[in-house]
Amino acid sequence: MFVFSLLWLASAQKSTRSHSETEAVEKSVKQRLKQMVRRNTDSVLKHQQQKSPRCAKTGAIAGGVSSSRPTPEDARSWQESFDTLLSSTYGTTLFRTFLQLEYNEENLAFYLACEKFKRLDPHGHRKITAKAQKIYDEFVRVEAPREVNLDSITRATTVTNLANPNRHCFDHAQRRVRHVLEKDVYPRFLKFDLYTQLLSAPSMETSPTAVQVPTSTTMLPSPAKVNLSSAVPVV
């Protein structure tokens, strides 16, 4: 609600101010939005550490990955490829924060859900069917709560695949979403100020209670669905 108020205020004042005054107001709004994101980014994964005594003792997050701030060298390695970025827990969560600012986080959530889905036991048909239905209901069906932007052919192909679900029934849709993330969003993320700060900032080895990592649980409100299909060619 606070974000909406800021955007509305900037819009209302734009019609009554000069061009220079309008630019100043818009700049102020953007700065305040970035400050909100920084507060999220500087949050500790405290909830996860409280749930896992091992994490609290070792300063690690689920999967054994260190939750300490990455070194500039580690952060720079994310420029090598989109997959290198997603191989880092810290990098993935920072990328999610960037997508939240662009009101486009559902694309990453869908992509990661598909990756996890493909790792299910191929013999667990009942679990595959239930999980496939859940992913479809959350991301793929028309007017789903976190609907991703898919062309009609891709959506129809996915629906057909769900008649006999297996671990690869979302592959076509996932490739479409990955294309948007990798070719359109990822290059802009590499210019994101919170990312570029990591390239020169010294590594901070801190105690588990002071570790600073971006949080993936806090979501910014989404005022509108962003259509990115026009940004990339249909493949």
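**Entry 1: Thr-154**

I began with Thr-154 and located this residue in helix α10, which covers residues 152-161. The model I am reading is a predicted one.

**Entry 2: α10 against α11**

I next looked up how these two helices pack. A packed pair of helices is described by the angle between the axes and the distance between them. For α10 and α11 I noted an angle of about 150° and axes 8 Å apart. On the α10 side the contact is made by Thr-154, Thr-157 and Thr-158, and on the α11 side by His-172, Ala-173 and Arg-176. Sorted by class, this contact has four polar residues, one nonpolar and one charged.

**Entry 3: α7 against α8**

α7 and α8 pack at an angle of about 145°, and their axes lie 7 Å apart. From α7 I listed Thr-92, Phe-95, Arg-96, Leu-99 and Gln-100, and from α8 Glu-105, Leu-108, Ala-109 and Leu-112. By class I recorded five nonpolar, two polar and two charged residues here.

**Entry 4: The largest nonpolar core**

Which residues have the most contacts inside the largest nonpolar core? I found Phe-95, Phe-110 and Phe-170, in a core of 41 residues. The helices that each supply at least two residues of this core are α6 (82-86), α7 (89-101), α8 (105-117), α9 (125-140), α11 (171-189) and α12 (193-200). In soluble globular proteins, nonpolar side chains tend to be buried together.

Apart from neighbours within four places in sequence, its contacts are Ile-135, Phe-139, Val-140, Val-148, Phe-170, Ala-173, Gln-174 and Val-177.

**Entry 5: Aromatic rings**

How many aromatic pairs are there? I recorded 13. One of them joins Phe-189 and Phe-192, with 6.3 Å centre to centre and 40° between the planes, and this pair is tilted. Both partners are buried: the relative accessible area is 0% for Phe-189 and 7% for Phe-192.

I finally traced a cluster linked by ring pairs. Its members are Trp-78, Phe-82, Tyr-90, Phe-95, Phe-98, Tyr-111, Tyr-186, Phe-189, Phe-192 and Tyr-195.

Conventions. Residues are numbered from 1 along each chain as its sequence is written. This is a predicted model: local features need pLDDT of at least 70, side-chain atom pairs count only at pLDDT 80 or more; totals for chains, interfaces and linings use all residues. Side-chain values use heavy atoms; hydrogens and water are left out. Helices (H or I, at least four residues) and strands (E, at least two) are DSSP runs, numbered from the N terminus. A nonpolar core is a set of buried Ala, Val, Leu, Ile, Met, Phe, Trp, Tyr and Cys residues joined through side-chain atoms within 4.5 Å. Buried means under 20% relative accessible area, exposed over 50%, partly exposed in between (1.4 Å probe, protein chains only). Contact means heavy atoms within 4.5 Å. Rings of Phe, Tyr and Trp (its six-membered ring) pair if their centres lie within 6.5 Å; planes under 30 degrees apart count as stacked, over 60 as edge-to-face and the rest as tilted. Axes are lines fitted to C-alpha atoms, for helices over the stretch in contact, and angles run from 0 to 180 degrees between N-to-C directions. Ala, Val, Leu, Ile, Met, Phe, Trp, Tyr, Cys and Pro count as nonpolar, Asp, Glu, Lys and Arg as charged, and the others, Gly among them, as polar.
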